[in-house]
Amino acid sequence: MAIFTPGLSAIEKEIANAADYPTYREASLAHDALTGADEWKNEDVSQHYDYRLIRKRVERMQAARKLQDVYGLMSIIHEGLHGNLGNIANPALLGQCRIGTKNLIQTFIDEVITALNTIYEADESLVDFYEKKRFFEETTYAFGQSCLMLSGGAGLGIFHAGVVKSLNQQNLLPGVISGASAGAIIAALIGTRKQSELEACLAPEFILEKFRYWRHWSGFGKKSLFDSRALENTLIELFDIMTFDEAFALSGKHINVSVSPADLHQQSRVLNAKTSPRAVITQAVRASTAVPVFFSPVQLKAKNLQGDIVPYIPNRRFVDGSMMADLPYKQLSRLYGVNHSIVSQTNPLAIPFVPANRSEETSITGLTFRHVRQLAKSNSVFAFDVLEKWVNHRGTKLAIHKVRSIIDQQYVGNINILPQRQLRSLTQIMANPTLESVTNLISDGERATWEHIDNIERNTKISETLRRLLAKLKEREARVSGHATSSARTEST
């Protein structure tokens with residue numbers, strides 16, 4: 001019986017109108033089969049990665065497994081396992097198909113996962129428990145992990161809810177998440193809820209109910225143009241007086257909230273369970289969303305050992321985190337060993353300068369644009385440095401310093417998820433949301449994530465396997481020693 005294959009245009013229409021990720025994925029795979037991309041996947045050879053090195057690693061791991069040589073497997077992995085071995089994460093490999101990459105690369109990743117499970121399950125009369133634990137500790141630390149960074153963007157930040165919803169449904173939310181300004185709200189939602197509770201908090205009706213009147217006009221001549229009480233009440237309702245360490249104990253997620261100083265001679269701060277465990281999340285998020293002029297600066301708060309709420313970093317006020325640390329990659333790298341980033345970017349200052357598709361950065365036009373952008377950025381930073389030296393007025397100097405900080409930031413990651421570049425989206429930046437606008441932004445976030453799901457899974461699979469197996473070993477050690485903890489809460493770094 002002949003099988004009817006729809007034409008390319010019909011498949012592309014199905015992709016464009018897909019209602020969920022499984023439908024999108026199935027149609028994308030059909031597209032790859034029809035366009036010849038499957039043949040490209042089957043062919044190992046490519047100038048964009050070292051296929052000989054990857055092929056050899058696969059053969060060596062398979063041979064060691066066949067011989068049940070666990071120490072051999074450990075040695076092969078120790079030799080040089082990292083996320084971009086042989087340039088397998090090269091963006092140029094992503095533009096050849098809609099789903100997947102070279103089959104050899106996928107085989108390599110799958111073989112590493114199999115090897116790690118083989119080592120974990122090895123008979124401990126042959127491989128001592130503490131040898132296993134040491135191997136997984138060293139390999140996990142060396143390999144690093146991914147993070148999700150949610151940018152600022154005021155009303156456009158609802159887009160992040162769609163991104164997070166899509167990643168959560170595929171069980172791909174990283175263990176390290178940062179948020180600045182609007183992104184801080186979504187990051188805090190992730191950190192203060194169990195995974196099973198998160199879906200309900202990302203529904204359009206829930207978000208509209210909580211943030212329908214976040215922008216409430218205060219008037220000229222006041223401390224700020226907007227009255228922050230409605231936003232503050234919503235944040236209190238959502239996060240109460242939960243601290244960062246309490247949030248980590250609940251969700252197992254390392255959430256990070258960026259805040260910027262309201263005065264000169266201070267650096268941005270990234271609040272989290274490691275550096276500020278007793279800081280209150282509500283006030284951190286409130287500070288991170290305090291766009292200067294529109295909202296007044298915020299005093300941070302913390303919970304002392306007696307459970308009382310007290311000032312945190314007294315005599316300092318903080319404002320919008322995206323002004324100086326929209327994507328705090330360096331801080332996350334230092335704190336958690338992060339070396340790969342997934343960025344949901346809605347900052348209106350950044351979106352025009354981020355490549356719109358996965359292969360654009362490797363084209364001649366993309367490389368030229370990147371060079372011109374870097375020159376413009378360097379020249380602008382120099383100009384503001386000179387201007388700041390010349391100006392003596394404190395308020396003007398502070399304003400110049402903030403603008404310079406905005407320009408001098410890095411607004412992209414390894415994987416960038418962007419909203420559609422439509423002018424109608426800009427009207428939602430400072431507007432109170434409607435059910436239609438919230439629904440559309442969440443849907444846009446989901447759809448924008450779908451094209452990256454396969455790549456995210458491929459780039460995080462090894463690190464997540466390492467951390468999961470290490471956590472199980474640590475839990476077992478704790479149980480034997482009488483200090484059992486849930487594996488979800490066990491640190492693996």
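Colleague: Which way do the residues of β5 point, and are they buried or exposed?

Modeller: His 254, Asn 256, Ser 258 and Ser 260 point one way from β5, while Ile 255, Val 257, Val 259 and Pro 261 point the other way. All of them are buried. Buried means under 20% relative accessible area, exposed means over 50%, and partly exposed lies in between, with a 1.4 Å probe and protein chains only. Strands (E, at least two residues) and helices (H or I, at least four) are DSSP runs, numbered from the N terminus.

Colleague: What should I know about the model itself and its numbering?

Modeller: This is a predicted model: local features need pLDDT of at least 70, side-chain atom pairs count only at pLDDT 80 or more, and totals for chains, interfaces and linings use all residues. Residues are numbered from 1 along each chain as its sequence is written, and side-chain values use heavy atoms, with hydrogens and water left out.

Colleague: Which strands does β5 join, and how do they run?

Modeller: Strand β2 (residues 176-180) runs parallel to β5, and 5 bridges join them. Strand β6 (residues 269-271) runs antiparallel to β5 with 3 bridges, and strand β9 (residues 318-319) is also antiparallel, with 2 bridges. Two strands are taken to pair if DSSP finds at least two bridges between them.

Colleague: Which residues are bridge partners there?

Modeller: Ile 177 has Ile 255 of β5 as its bridge partner. Ser 258 is partnered by Val 270 in β6, and Ser 260 by Val 319 in β9.

Colleague: New topic: the largest nonpolar core. Which residues touch the most other members?

Modeller: That core has 63 residues, and Leu 148, Val 164, Leu 167, Phe 239, Phe 244, Ile 281 and Val 285 touch the most other members. A nonpolar core is a set of buried Ala, Val, Leu, Ile, Met, Phe, Trp, Tyr and Cys residues joined through side-chain atoms within 4.5 Å. In soluble globular proteins, nonpolar side chains tend to be buried together.

Colleague: What does Val 285 touch?

Modeller: Leaving aside residues up to four places away in sequence, Val 285 touches Ala 184, Ile 185, Ala 188, Leu 235, Phe 239 and Val 257. Contact here means heavy atoms within 4.5 Å.

Colleague: And what does the second core include?

Modeller: The second core is separate and has 39 residues, including Tyr 51, Met 61, Leu 81 and Phe 129.

Colleague: How many aromatic pairs are there?

Modeller: The structure holds 5. In one of them, the rings of Phe 135 and Phe 136 have centres 5.1 Å apart and planes at 80°, so this pair is edge-to-face. Rings of Phe, Tyr and Trp (its six-membered ring) pair if their centres lie within 6.5 Å; planes under 30 degrees apart count as stacked, over 60 as edge-to-face and the rest as tilted.

Colleague: Are Phe 135 and Phe 136 buried or exposed?

Modeller: Phe 135 counts as buried at 2% relative accessibility, and Phe 136 is buried at 0%. Elsewhere, ring pairs link Tyr 21, Tyr 24 and Trp 450 into a cluster.

Colleague: How many salt bridges does the structure hold?

Modeller: There are 18, each defined as a side-chain nitrogen of Lys or Arg within 4 Å of a carboxyl oxygen of Asp or Glu. Lys 210 and Glu 237 form one, with their closest N and O atoms 2.4 Å apart. The pair links distant parts of the chain: Lys 210 lies in helix α11 (residues 204-211) and Glu 237 in helix α12 (residues 229-239), 27 residues apart. Lys 210 is buried at 12% relative accessible area, whereas Glu 237 is exposed at 53%.

Colleague: What about Lys 303 and Glu 246?

Modeller: Their side chains meet in a salt bridge at 3.1 Å, N to O. Lys 303 lies in strand β7 (residues 301-303) and Glu 246 in helix α13 (residues 244-251), so the pair ties together parts that are 57 residues apart in sequence. Lys 303 is buried at 12%, and Glu 246 is partly exposed at 34%.

Colleague: Last one: how many disulfides does a search of the whole structure find?

Modeller: The search finds 0 disulfides, a disulfide being a pair of cysteine sulfur atoms within 2.5 Å. Cys 97 is buried at 6% relative accessible area, and Cys 201 is buried at 7%.
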